[in-house]
Amino acid sequence: MIAKTRAISDVLNMTTSLPTIHFTNPKKIYVSVTNARCKSAEVYVKPGDKVKIGTVIGKRNGGYFEQNMHSTVSGTVLGIVKKWHRTGKMVDFIEIENDFKDDYEPTIYERTDEEISSYTREDYIERVKNNSLIGLGGSTFPTYIKLQSCLDKEIDTLIINGVECEPYLTTDHRILLEHPNKIFEGIKYLRNATGAKKVYICFKKKYDDLYQVLSEVKKRHMDLPIEIKRVENFYPQGWEVALIKTVTGKVIPSGDLPQNHGVVCFNASTAFGMYRAIRLNMPVIERNFTLTGDGIKYPSNIRMRIGTPLSDLLELCGGYISDKPKVLIMGGPMMGACLLKDDAVCSMSCTSAIVLEDKEYKEEPCIRCASCVYSCPCDLQPVLIMKAVKVKDIEALKKLHVDKCIECGMCGYTCTSKINLTDYMRQAKKLVK
Ligand code: SF4
Ligand code: SF4
């Protein structure tokens, strides 16, 4: 039994000290035509078309925003195929065969300091939009919309979130450690685009190596009002609302935007993406990814092309450790979704995958211990929500404010009876939609 807790200590990282492997040569990549935020799209290419890295091959529509789709390899368009999306749905993907020539669009090249210094806030937003930068911590929220929302607001604080609090995950740690100069440059652009007065780079206290590296790099950027902030080593300290409270003391009400309170947050990988979008005019063609767990031979940190099949990355990591059944999770162990097969595609929003040896566990009846209530960071009552889901009582679900649930997984993790409460929370949110 897990004692009542509001924090899960982070002791399961297997890849913290492993340098990132650059995997740029999948035979084929797959670009999803639609995704969780974009329900419709236009495709600009047809089978046989030649593309380069960065070629715009379509545009997704997300209701209040739009998003270019880019090829992440050079090669030939093969057509549209159905594949598993990380959300567990079968969707249309544009299939592109890699010619391994790595030809880039001529629009991608290094801009001079002089050119960048002439950019207005609107210029930053336009470049970020064209390059389809999104929240690379997994939120997938379009960065240009977030930047636009800062235009008419007084932003006091910019927070760079490198906390990555779910157990097992190390992408933010590695990207901050391996690319600190470029991330500082990305932060400079984010500050110019938001007008923020001060900046905090946040990560877990336990990472002494990161503290030393960032402190050294900071000395070379004395013009930037940056504070390096070490936060506690537990889940869910990286949740935006919790982090803002830790850093600024401000409490952001549920459903409100941090920007309305003078704060804006970006993930560390997004800051790196900002550097690439502004300095190189580079779309999001790659991302850092942690592939880990006790079910694979060589857990690794990988920088992969967007659209790489997960099976390619599993092969890169030496494959499964045994023939025994595995649990495959796309995302972190707390908030990720279980996959039925390993032929899913790793999209822009995929931070990680975890492969675990399958262990039998049996759900027991609820004993009303209230562990789930105590652990919920949103002050919800998961046990009552579960009961309302079972009888489909939508009015009760509304009164229980299930819409505030952030699907953090704390209630299921701490449940004494091993009930998959997070799954009930997801069902409940669907019922009240
Ligand atoms: S999954 Fe939802 S209900 Fe459960 S602890 Fe997290 S926020 Fe609370
Ligand atoms: S659902 Fe689980 S954690 Fe919540 S009261 Fe019941 S047994 Fe306890």
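1. Strand E6 (residues 56–61) and strand E7 are antiparallel partners joined by five bridges, and within this pairing Asn61 has Glu66 in E7 as its bridge partner. Strands, like helices, are DSSP runs numbered from the N terminus, with at least two residues (E) for a strand and at least four (H or I) for a helix. Two strands are said to pair if DSSP finds at least two bridges between them.

2. This is a predicted model, in which local features need pLDDT of at least 70 and side-chain atom pairs count only at pLDDT 80 or more, while totals for chains, interfaces and linings use all residues. Residues are numbered from 1 along each chain as its sequence is written, and chains are lettered from A and ligands numbered from 1 in the order in which they are written.

3. The pairing described in point 1 belongs to an open sheet of three strands, ordered E4-E6-E7, with antiparallel pairing. Strand E4 (40–43) and strand E7 (66–70) form its edges, each pairing on one side only. From one strand to the next the twist averages 25 degrees (axes are lines fitted to C-alpha atoms, and angles run from 0 to 180 degrees between N-to-C directions).

4. Strand E21 (residues 352–357) takes part in pairings of both senses. With strand E15 (residues 286–292) it pairs in the parallel sense over three bridges, and Leu291 lies opposite Ala353 of E21. With strand E18 (residues 326–330) E21 runs antiparallel, joined by five bridges; here Leu328 has Val355 in E21 as its bridge partner.

5. Which residues come nearest to ligand 2? Of the 14 residues around it, these are Cys366, Cys369, Ser371, Cys372 and Cys415, where a residue is near if its C-beta atom, placed from the backbone, lies within 6 Å. Helix H10 (371–375) and helix H11 (382–390) are the elements that give two or more residues to this shell. By class, the shell holds ten nonpolar, three polar and one charged residues; Ala, Val, Leu, Ile, Met, Phe, Trp, Tyr, Cys and Pro count as nonpolar, Asp, Glu, Lys and Arg as charged, and the others, Gly among them, as polar.

6. As to the whole, the protein chain has 14 helices and 21 strands. Its radius of gyration, taken over C-alpha atoms, is 22 Å, close to the 22 Å from the globule rule (2.2 Å times the number of residues to the power 0.38) for 433 residues, so the chain is as compact as a globular protein of that length. The C-alpha atoms fill a box of roughly 65 × 50 × 45 Å, taken along the principal axes.
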